[in-house]
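Welcome! Here is a short briefing to read alongside the sequence and the 3D view. Take a look first, then work through the topics below.

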Amino acid sequence: MSAPQAPAPVLTAHRAGLVGCRSCGRVWPESETTCRRCGGALVPPDRRCLNAVWAWLAAGFVFYIPANLFPMLKTSTFGGLRGNSESTILGGVVELMHYGNYGVAAIVFLASIVVPIGKFIAISWLALVAGRPATVRAAHKRLHLYEVVEFIGRWSMIDVFIVAILSALVQLGFVASIHPGPAAVSFALSVAFTMLSAQSFDPRLIWRGLPLRSRKDHE
Amino acid sequence: MQTEGEYDLSTGAGLIACPRCDALHVERELEPGETARCVRCNTVLASPRAGAFTRIIALSLASLVLMVGAVFFPFLEISRMGFGNETSLFGVALAFSHGALMPLTVAVLGMIVGLPVLRAVLLVYTLLPLSRNRAPYAHAVPAFRLSEALRPWSMAEIFVIGTAIALVKVAGLANISLGPAFWAFCGLILVNAASNAFTSATTIWDAIEDAGMATDGREIVPETRA
């Protein structure tokens, strides 16, 4: 599809006094509030969405703290004779490394520590710089970062699934048994809230205030 | 009704806006196999594929069949020193059924079983009449919108990778055998991935509209049918 006057300047719906539907792409006058094709809500790309982004992000962060302090897994081996152990997220990673499972340790470390913290930083940064003038190159970088956060956010839930599978599977009575700890719930909530935070962010804000030129003019 | 290539900057008719960067484009009916990308941020705007609807329906039905297998067949089995345990998919979700963890059972079941099933049903409901060139069923519009909204929360593929990691974790501790449900779940992931590759939301919205639903007076009807 071609821009209205391709390859000349890019006109945005907002500049033209219109509002675009984010779920189906149809364009409406700014006075409309619901898309008449798909029924989606029409929201102009302004900083109002950032309130929701910050609120969900704060909720996600609040739940991420107990997720790290409380045990994720409670293991007992040989009826408690070989000891009952409770491991937090970080403790579990250390334990895995201790047993030489470096690959699994790396995956768990990535999914439950690096990705969530990276996500908090990335969303905060995007929300802080949103709406500020950027160069076209910077805008592309930000959009790319947003897409990465949006894609990778769901994958943190993998830790909750691992806990569920281990607890369901390793029920060997006297020999060994694994039970989930309270951190599983707060970790799941933290992941869900940060997903909602990323979904509330309107990527069109990244492009607000850009000079109305297409990418090709700049490169 | 809108003629192809005409647009009106005061009402927005005949235009589409990029969902990621808000750039305006003139709407055009694409040939199957073509892909429309935003001129500014390169986001895919539409990518109709020949026979996509029939394929999505077939893949959705396949995923429902596989899901039945995944739920009712044994999932994993473990044994060590004469002690054994086997679990089904429900068993995995019920791992959280003690005390304060209870709500997580519902959430896990929803993310790995409920939402994938619901999305498959909604897609079949939306696309079945469209694939036969008939008018869509009632409420096809909210049905498809719901299916798109649930997409990020349907986490079957994440669950399978999680299973693989959990298995590596306990591999040294005990003997594990994989049940038919595990393989059904793996198949489900492939089927869902194929289905997603064929799904282009804009194309489906266009098709719902061309078939006579939720008409806002702005649809571009292909010339063969106009």
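Let's begin with the surface of chain B: its accessible area comes to about 9800 Å², of which 63% belongs to carbon and sulfur atoms. Accessible areas come from the Shrake-Rupley method with a 1.4 Å probe, and for residues only the protein chains shown count as cover. This is a predicted model, in which local features need pLDDT of at least 70 and side-chain atom pairs count only at pLDDT 80 or more, while totals for chains, interfaces and linings use all residues. Residues are numbered from 1 along each chain as its sequence is written, chains are lettered from A and ligands numbered from 1 in the order in which they are written, and side-chain values use heavy atoms, leaving out hydrogens and water.

**Chain B**

- Chain B has 7 helices and 7 strands; these are DSSP runs numbered from the N terminus, with helices being H or I of at least four residues and strands being E of at least two.
- Along the sequence, the order in chain B is β-β-β-β-α-β-β-α-α-α-α-β-α-α.
- Of the 226 residues in chain B, 51% are buried, where buried means under 20% relative accessible area, exposed over 50%, and partly exposed in between (1.4 Å probe, protein chains only).
- Helix α4 (residues 140–150) of chain B has these buried residues: B:Ala140, B:Val141, B:Ala143, B:Phe144, B:Ser147 and B:Leu150.
- The cover over the buried residues of α4(B) includes α3 (102–131) and α7 (201–210) of chain B.

**Where the chains meet**

- In the interface, 74 residues of chain B are in contact (heavy atoms within 4.5 Å) with 72 residues of chain A.
- Together, chain B and chain A bury about 6600 Å², 69% of it on carbon and sulfur atoms; buried area is the accessible area (1.4 Å probe) that two parts lose on being put together, summed over both.
- B:Arg20, B:Arg40 and B:Lys169 supply 13% of the area that chain B buries against chain A, more than any other three residues.
- How many salt bridges does the rule find across the interface of chain B and chain A? There are 6, each one a side-chain nitrogen of Lys or Arg within 4 Å of a carboxyl oxygen of Asp or Glu.
- A salt bridge joins the side chains of A:Arg26 and B:Glu27, at 3.2 Å from N to O.
- Helix α5 (residues 156–171) of chain B gives the most to the side of chain B that touches chain A, with 12 residues.

**A nonpolar patch on chain A**

- A:Leu90, A:Val94, A:Phe109, A:Leu110 and A:Val114 form a nonpolar patch on the surface, with about 420 Å² of accessible area together.
- The elements giving two or more residues to this patch are α2 (89–98) and α3 (102–129) of chain A, and the largest share, 3 residues, comes from α3(A).
- A:Val94 lies in helix α2 of chain A and counts as exposed because its relative accessibility is 52%.

- A:Val191 is found in helix α6 (residues 183–200) of chain A and is buried, with a relative accessible area of 3%.
- A:Val191 and A:Phe63 are 128 residues apart in sequence, yet 8.9 Å apart in space, C-alpha to C-alpha.
- A:Pro71 sits in the loop between α1 (49–69) and β3 (73–77) of chain A, and A:Pro71 is buried at 12% relative accessible area.
- A:Pro71 and A:Glu86 are 15 residues apart in sequence and 5.6 Å apart in space, C-alpha to C-alpha.

Key
Patch = residues over 30% accessible without salt bridge, like charges linked within 9 Å, V, L, I, M, F, W, Y side chains within 5 Å.
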